[in-house]
Amino acid sequence: MDRRLTHLSGLPDPRPGRAPQVAVIALGSNEGDRGEMLRAAAERLRRLPLVDDLVMSEAIETVAVKPDGPDPNAPPYLNAVALMTTRLAPQVLLGMLHAVEEEQGRVRAERWGDRTLDLDLIAYGDFRSDAEHLQVPHPRAGERLFVLEPWLSIDPYAVLPGAGRVDELVHRLRSSDDR
């Protein structure tokens, strides 16, 4: 069966469909029922249009990272990573991620502040963008174990475009922590 949209005339839509891509999404929460926030966000992401599949890592607890570095006095985060197979354009997906954050009570009062839900688009296939409103791959993902370790747990062959294999990035970050 042809899965293309059908015009009102009953004829198949002649526009080619977007090829499915795997989007890597980081999820985090340090306010409210953090586990429920992540679970509800994953369910909401699964129901987005043009999403074919979503696999989410187990959540890990981490120290909050503020502009000046780790802040052990801030409420700790639960972090996870989801791999989403989608036909949404990256710009549209990012807008939908922001909408899901707002649905779950996110208020953007301070940069890197506490939040009910944070959804970051880490990677989108091999797509790259340096636009101010769409930076993909995420510019700091390769420096964040709280992104890389959950990602690696669900994709042992993961590659962060422009940065390299995720297992090697994790090894480098862990080695520099040991010094």
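This passage describes side-chain contacts in a predicted model. Residues are numbered from 1 along each chain as its sequence is written, and side-chain values use heavy atoms, with hydrogens and water left out. Because the model is predicted, local features need pLDDT of at least 70 and side-chain atom pairs count only at pLDDT 80 or more, whereas totals for chains, interfaces and linings use all residues.

The structure holds nine salt bridges, a salt bridge being a side-chain nitrogen of Lys or Arg within 4 Å of a carboxyl oxygen of Asp or Glu. One of them joins Glu 36 and Arg 39, with N to O at 2.6 Å; these residues lie three apart in helix α1 (residues 34-46), and are therefore separated by about one helical turn (helices are DSSP runs of H or I, at least four residues, numbered from the N terminus). Glu 36 is partly exposed at 35% relative accessible area, and Arg 39 is partly exposed at 44%, where buried means under 20%, exposed over 50% and partly exposed in between (1.4 Å probe, protein chains only).

A salt bridge also links Asp 118 with Arg 115 at 3.2 Å, N to O, and both of these residues are buried. In the salt bridge between Arg 165 and Glu 168, the closest N and O atoms are 3.7 Å apart, and salt bridges that share partners join Arg 165, Asp 167 and Glu 168 into one network.

For aromatic rings, those of Phe, Tyr and Trp (its six-membered ring) pair if their centres lie within 6.5 Å, with planes under 30 degrees apart counted as stacked, over 60 as edge-to-face and the rest as tilted. The count comes to one aromatic pair: the rings of Tyr 124 and Phe 127 have centres 6.1 Å apart and planes at 80 degrees, so the pair is edge-to-face.

How values were computed
Helices (H or I, at least four residues) and strands (E, at least two) are DSSP runs, numbered from the N terminus.
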